[in-house]
There are 2 protein chains.
Amino acid sequence: MSEPTEKPQRLKVIVADDQAAVREPLAAVLALSEDIEVVAAAADGTEVLAAVAGASVDVVLMDLRMPEMDGIEATRRLSEEHPETAVVVLTTFADDDSILAALSAGARGYLTKNAGRQDIVRAIRAAAAGQSVLDREVQDRLLATVRTRPSSPGQSLPADLTPREREVLTLIGQGLPNRAIAQQLFISEATVKTHINNLFAKADIRDRADAVRRALAAGLA
Amino acid sequence: MSEPTEKPQRLKVIVADDQAAVREPLAAVLALSEDIEVVAAAADGTEVLAAVAGASVDVVLMDLRMPEMDGIEATRRLSEEHPETAVVVLTTFADDDSILAALSAGARGYLTKNAGRQDIVRAIRAAAAGQSVLDREVQDRLLATVRTRPSSPGQSLPADLTPREREVLTLIGQGLPNRAIAQQLFISEATVKTHINNLFAKADIRDRADAVRRALAAGLA
DNA sequence: TTCCACCTGGACCCATGGGTGGACGTACAG
DNA sequence: CTGTACGTCCACCCATGGGTCCAGGTGGAA
């Protein structure tokens with residue numbers, strides 16, 4: 001990750017966007033940076049893959065909405081066949097699905113199209129160096145989807161729950177009825193109800209639905 | 001996000017690390033970049049807050065493990081009291097909890113200490129511009145925790161739910177009893193039950209607890 | 001117009017859930 | 001030894017949830 005000098009060579013970049021009105025000026029403005037060399041332009045995913053196969057490419061600046069093969073699929077194939085080539089997504093769409101799909105497919109950056117030239121250049125350099133650059137809103141969205149599952153166990157629950165009560169709460173969180181909980185713990189249904197009543201009082205849980213939410217929020221899945 | 005010129009002024013940076021052996025050389029090497037000015041150094045979170053209160057600071061390079069007030073807490077307060085100041089975490093630890101905690105607290109970057117000087121400088125510039133830079137492994141971990149809980153909206157639910165049914169399911173997911181749902185939608189409790197029965201059949205939902213889980217999983221929070 | 005999807009509502013039934021109070025044994029700390 | 005916390009269990013009560021069947025009204029599509 002840490003190279004001795006910043007510019008061992010000019011970074012070879014491909015610009016992929018189906019709209020020529022976006023693609024051409026973008027390529028031109030990137031070429032203004034002396035450490036960046038736009039080696040090809042592509043109008044869809046298949047053209048990207050073909051171009052990368054021909055020459056060693058450092059970074060692909062990828063639009064998501066493209067005909068034939070979209071940016072997601074192209075990114076996926078690229079990260080499989082050419083993991084040394086980094087993908088930076090540049091798109092107008094910043095919805096959760098697109099972000100997750102693109103990053104899961106292996107993208108090392110995600111910018112929206114209101115990013116400035118310097119933002120894009122910085123992302124290209126970072127991606128080439130193995131870092132990942134996200135727009136602020138993109139990171140916020142990514143985090144928001146994570147926060148639904150805090151993964152910090154037991155956080156929002158009072159600490160004075162007994163192990164048994166915690167166990168019961170976990171099973172409630174999995175959607176099991178009292179009878180199934182009783183069978184799974186080898187105790188009677190009456191005992192399950194007792195534990196439930198106790199833990200409801202302790203944790204200020206109103207009913208079963210509330211319990212499911214709290215259990216999930218506390219990471220007791 | 002997109003500034004007209006790259007360096008309107010030198011970026012004012014604070015280096016926060018409890019170990020002088022790390023802090024001093026880091027500050028020195030950062031000062032080599034002509035667009036970066038190290039305005040202060042701090043050995044714990046309280047010193048960071050004090051330093052930021054004094055001068056307008058662009059970026060804080062923050063270690064996580066610090067005495068008195070750790071980097072997480074300092075980041076949280078900083079992003080509340082001085083949202084214009086960006087935090088880039090630089091630490092040896094890249095476990096899920098630390099990453100999530102730091103980013104949730106408002107950090108705009110997360111680097112491990114095997115990042116090179118150029119990596120750090122790049123992250124500082126990006127953070128100052130409102131972007132977010134993550135190490136490759138950090139992003140991978142972040143994505144891994146996201147993928148365990150896809151939370152891609154509407155995915156796990158059948159598409160043939162009527163708008164009303166979807167609405168009811170959302171309220172169930174919020175833990176509301178039928179009566180409250182009825183009041184909120186200005187319909188009778190009987191109607192709520194009808195919708196519930198229909199959507200349970202359509203979506204293969206067994207009971208209310210199951211409905212809560214499915215609603216949350218589908219992002220109907 | 002006829003048909004259908006949707007929203008609305010009511011009646012009924014019974015299983016489940018949730019609340020209360022009490023009981024017993026064990027294990028541990030005072 | 002005695003109190004306390006915990007886990008186990010029971011009986012009772014009734015509110016809520018969930019299933020079934022039916023039916024009126026609306027609006028758009030065939």
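Modeller: Let me begin with a term: buried means under 20% relative accessible area, exposed means over 50%, and partly exposed lies in between, with a 1.4 Å probe and the protein chains only. This is a predicted model, in which local features need pLDDT of at least 70 and side-chain atom pairs count only at pLDDT 80 or more, while totals for chains, interfaces and linings use all residues. Residues are numbered from 1 along each chain as its sequence is written, chains are lettered from A and ligands numbered from 1 in the order in which they are written, and side-chain values use heavy atoms, with hydrogens and water left out.

Biologist: Is A:Phe186 buried or exposed, and what is its relative accessible area?

Modeller: A:Phe186 lies in the loop between α8 and α9 of chain A, where helices (H or I, at least four residues) and strands (E, at least two) are DSSP runs numbered from the N terminus. Most residues other than glycine have a negative phi. Phi of A:Phe186, however, is positive, near 60°. As for its surface, A:Phe186 is exposed, with a relative accessible area of 78%.

Biologist: What is the relative accessible area of B:Phe186?

Modeller: B:Phe186 sits in the loop between α8 (178-185) and α9 of chain B, and its phi, near 60°, is a positive value in a residue other than glycine. B:Phe186 counts as exposed because its relative accessible area is 76%.

Biologist: Which residue of β3(A) is the bridge partner of A:Ile14?

Modeller: Strand β1 (residues 11-16) of chain A runs parallel to β3(A), and four bridges join them; two strands pair if DSSP finds at least two bridges between them. Within β3(A), the bridge partner of A:Ile14 is A:Val60.

Biologist: Which residue of β4(A) is the bridge partner of A:Leu61?

Modeller: Strand β4 (residues 86-91) of chain A is parallel to β3(A) and is joined to it by four bridges. With helix α3 (residues 71-81) of chain A, these two strands make a right-handed β-α-β unit, right-handed meaning that, with the strands pointing away from the viewer, the path from the first strand over the helix to the second runs clockwise. The bridge partner of A:Leu61 in β4(A) is A:Val88.

Biologist: Which residues touch the most other members of the largest nonpolar core?

Modeller: A nonpolar core is a set of buried Ala, Val, Leu, Ile, Met, Phe, Trp, Tyr and Cys residues joined through side-chain atoms within 4.5 Å. Strand β3 (residues 59-62) of chain A is covered on both faces, with A:Val59 and A:Leu61 buried on one side and A:Val60 and A:Met62 buried on the other. In the largest core, which has 56 residues, those touching the most other members are A:Met62, A:Tyr110, B:Met62 and B:Tyr110. A second, separate core of 42 residues includes A:Val59, A:Leu61, B:Leu61 and B:Val133.

Biologist: Which element gives the most residues to the surface near DNA strand C?

Modeller: A residue is near a strand if one of its heavy atoms lies within 4 Å of it, and of the 16 residues around DNA strand C, those that come nearest are A:Lys193, A:Asn197, A:Arg208, B:Thr162 and B:Ser188. Of the atoms of DNA strand C within 4 Å of the protein, 69% belong to sugar or phosphate and the rest to bases. The element that gives the most, with four residues, is α9(B).

Biologist: With which side chain does the side chain of A:Glu165 make a polar contact?

Modeller: A:Glu165 lies in helix α7 of chain A and is buried, with a relative accessible area of 4%. A polar contact is a pair of N or O atoms within 3.5 Å; within protein, one must be able to donate a hydrogen and the other to accept it, and residues adjacent in sequence count only if both atoms are side-chain atoms. At 3.0 Å, the partner of the A:Glu165 side chain is that of A:Lys202.
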